[in-house]
Amino acid sequence: MPKGRARGLWFAVAVAVTGILCGALGLSVVLTGGYSLHRMDGTAMEPALRPGDRMLADRVAAADVRRGEIYIADSPWGLHGSPVFRVVALGGQRIACADGRPSLDGQPLDEPADRRADTCPRDFDVTVPPGRAFLMGDRRAAATDSRHHLDDGHQGTVDLARLTGDRVVWHSGSGSPALPGKLIGAALLMALGALLTVFGVLAAVVIASFAAARRRAPAGTPG
């Protein structure tokens, strides 16, 4: 094989190998990031999440659980499956309902009006213990959440360990957040890797085929 053609073949192989490495790196980011895909069941999180909506979740340390985030809880209160809730209050915060009005630390609960409307089926006053969270569904009239387990010995609060496995970082419902930057970067790496791999393999096949055809050509056949 002429040197120029050999260099072209090696270049094509190098491009294909680079593509494989890029794809593997992108895939490793996805796999090691603890991401998991879920499907929404039930109506407790409407209108943000409706039955059948897809959810992408990641793992998070207990210290990184934030109020307002959505979590797929690990069988709280003995409920079957993995119901979805929003964190409304964390350790040290006081969540209360009085005369039908919800409050957090003495201030009106800062939520959309349609969500607050059915928050208080009964009055309560809970100061969340450290390491725990008070959870509610967005569709308060349909959600079975912390408000319905106030007499469970923990005033309806849930250990943060039940939340760390699945924090919803993206969903296909209304008001969907942007995909995490790390995941977008991984997707781009995998796409680039696929393109480079296909280009490199095709180029190598073409060069090798042309070289094989040259070797089979009768002597004196023009190149």
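How many salt bridges does the structure hold? The structure holds 12 salt bridges, a salt bridge being a side-chain nitrogen of Lys or Arg within 4 Å of a carboxyl oxygen of Asp or Glu. This is a predicted model, in which local features need pLDDT of at least 70 and side-chain atom pairs count only at pLDDT 80 or more, while totals for chains, interfaces and linings use all residues. Residues are numbered from 1 along each chain as its sequence is written, and side-chain values use heavy atoms, with hydrogens and water left out.

**View 1. The salt bridge between E46 and R139.** The side chains of E46 and R139 meet at 3.6 Å, N to O. E46 lies in the loop between β1 (36–39) and β2, and R139 in the loop between β9 (132–136) and β10 (158–159), so the pair ties together parts 93 residues apart in sequence. Strands (E, at least two residues) are DSSP runs, numbered from the N terminus. E46 is buried at 18% relative accessibility, whereas R139 is partly exposed at 38%. Buried means under 20% relative accessible area, exposed over 50%, and partly exposed in between (1.4 Å probe, protein chains only).

**View 2. The salt bridge between R86 and D138.** The N to O distance in this pair is 2.7 Å. R86 is buried at 12%, and D138 is buried at 5%.

**View 3. A network of salt bridges.** R86, E111, R115, D138 and R140 are linked in this network. The side chains of E111 and R115 meet at 3.7 Å, N to O.

Methods: Helix = DSSP H or I, 4+ residues; strand = E, 2+ residues; numbered from the N terminus.
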